[in-house]
Amino acid sequence: PLVRTVQVRLNYLGVGLPVTGVLDKPTMRAVVAFRVKYFLGKNRLVSKATMKRLTALTYMKNKVPKQCRDERLVVCVDKTQKLLRIVKKGKVVYTVDARMGGSSTPTREGSFRVFSKSRHHVSSLYKTPMPWAMFFSGGQAVHYSPFFHVEGYYGASHGCVGVRSTKVAATLWATVPVGTKVYVYRS
């Protein structure tokens with residue numbers, strides 16, 4: 001029963017495990033990835049601290065706020081869960097890991113709109129690549145982050161929402177037109 005609970009809760013965070021109740025390799029990889037993401041160590045142990053954090057992060061049971069369900073398509077960014085979700089007609093259809101801004105350069109919270117897209121963007125302020133950029137608040141954008149790809153969660157952006165896969169960034173780019181609502185919040 002505990003393994004099933006862990007699998008279900010990891011799925012709330014977008015993992016996509018079959019809920020079998022079996023402590024198999026995919027489940028163990030997902031546990032390790034969860035622990036690394038939330039700075040709980042790199043081992044496969046589902047400790048009390050791991051379970052407490054997993055439970056706290058998934059108390060909403062994959063439900064997103066009303067602001068993420070009030071339009072046909074919404075990019076829903078949860079800073080607490082470190083996730084970006086695509087919500088279509090009120091249902092979560094795509095969930096990916098995301099890295100946000102740091103304490104001195106936080107990602108703004110609130111409701112925004114994608115106002116511009118730039119396929120091969122380079123930051124004029126930081127001189128860093130921002131491919132597949134979808135701007136939603138000033139210079140803040142959702143984009144592929146080569147730094148997130150390499151560093152994982154041991155770093156932060158300058159306020160952007162970074163994804164760590166070019167394939168994911170390309171999928172988001174193709175899915176999200178200019179004018180789409182972007183809702184950034186803490187769960």
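Hello everyone. This is a predicted model, where local features need pLDDT of at least 70, side-chain atom pairs count only at pLDDT 80 or more, and totals for chains, interfaces and linings use all residues. Residues are numbered from 1 along each chain as its sequence is written, and side-chain values use heavy atoms, with hydrogens and water left out.

Let's begin with the second largest pocket. A pocket here is an open set of points on a 1 Å grid over the protein atoms alone, where a 1.4 Å probe fits, with protein on both sides within 12 Å along at least five of seven lines; lining residues have an atom within 4 Å of a point. Its volume is the space filled by probe spheres set on the points, with grid points joined across faces, edges and corners. For the second largest pocket, that comes to about 270 Å³. Its lining has 15 residues, and Leu13, Gly14, Val15, Ala33 and Asp97 lie nearest the centre. By class, the lining holds 10 nonpolar, two polar and three charged residues.

Which elements supply at least two residues each of that lining? They are helix 2 (25-37) and strand 3 (91-97). Helices (H or I, at least four residues) and strands (E, at least two) are DSSP runs, numbered from the N terminus. Helix 2 gives the largest share of this lining, four residues.

Now to the largest pocket, with about 470 Å³ of space. Of its 27 lining residues, Ser123, Tyr126, Met130, His158 and Cys160 are the closest to the centre. Strand 6 (129-137), strand 7 (140-144), helix 4 (146-151) and strand 8 (161-163) each bring at least two residues to the lining. The classes here are 11 nonpolar, 13 polar and three charged.

Thr105 lies in the loop between strand 3 and strand 4 (110-113). A polar atom of the Thr105 side chain is 3.1 Å from the backbone oxygen of Ser157.

Lys127, in the loop between strand 5 (116-122) and strand 6, has a phi near 60°, a positive value in a residue other than glycine. Trp132, in strand 6, also has a positive phi, near 65°. Buried means under 20% relative accessible area and exposed over 50%, with partly exposed in between (1.4 Å probe, protein chains only).

Next, the helices. In helix 3 (residues 48-57), the buried residues are Thr50, Met51, Leu54 and Leu57. Seen down the axis, they fall within an arc of 135°, so they line one face of helix 3; the arc is that of the directions from the helix axis to the C-beta atoms. In general, an α-helix has 3.6 residues a turn, so residues three or four places apart point the same way. The face turned away from the buried side of helix 3 carries the exposed residues Lys48 and Lys52. Helix 1 (2-12) and helix 2 are among what covers the buried residues of helix 3.

Helix 1 has its own buried set: Val3, Val6, Gln7, Arg9, Leu10 and Tyr12. Their cover includes helix 2, helix 3 and strand 2.

One of that set, Arg9, leads us to Thr58. Thr58 lies in the loop between helix 3 and strand 1 (73-78) and is buried, with a relative accessible area of 1%. The side chains of Thr58 and Arg9 are joined by a polar contact of 2.6 Å. By polar contact I mean a pair of N or O atoms within 3.5 Å; within protein, one must be able to donate a hydrogen and the other to accept it, and residues adjacent in sequence count only if both atoms are side-chain atoms.

Last stop: Val87, in strand 2 (residues 83-88), is buried at 0%. Its contacts beyond four places in sequence are Val64, Cys68, Arg72, Leu73, Val74, Cys76 and Val92. Thanks, everyone!

Terms used
Nonpolar A, V, L, I, M, F, W, Y, C, P; charged D, E, K, R; others polar. Contact = heavy atoms within 4.5 Å.
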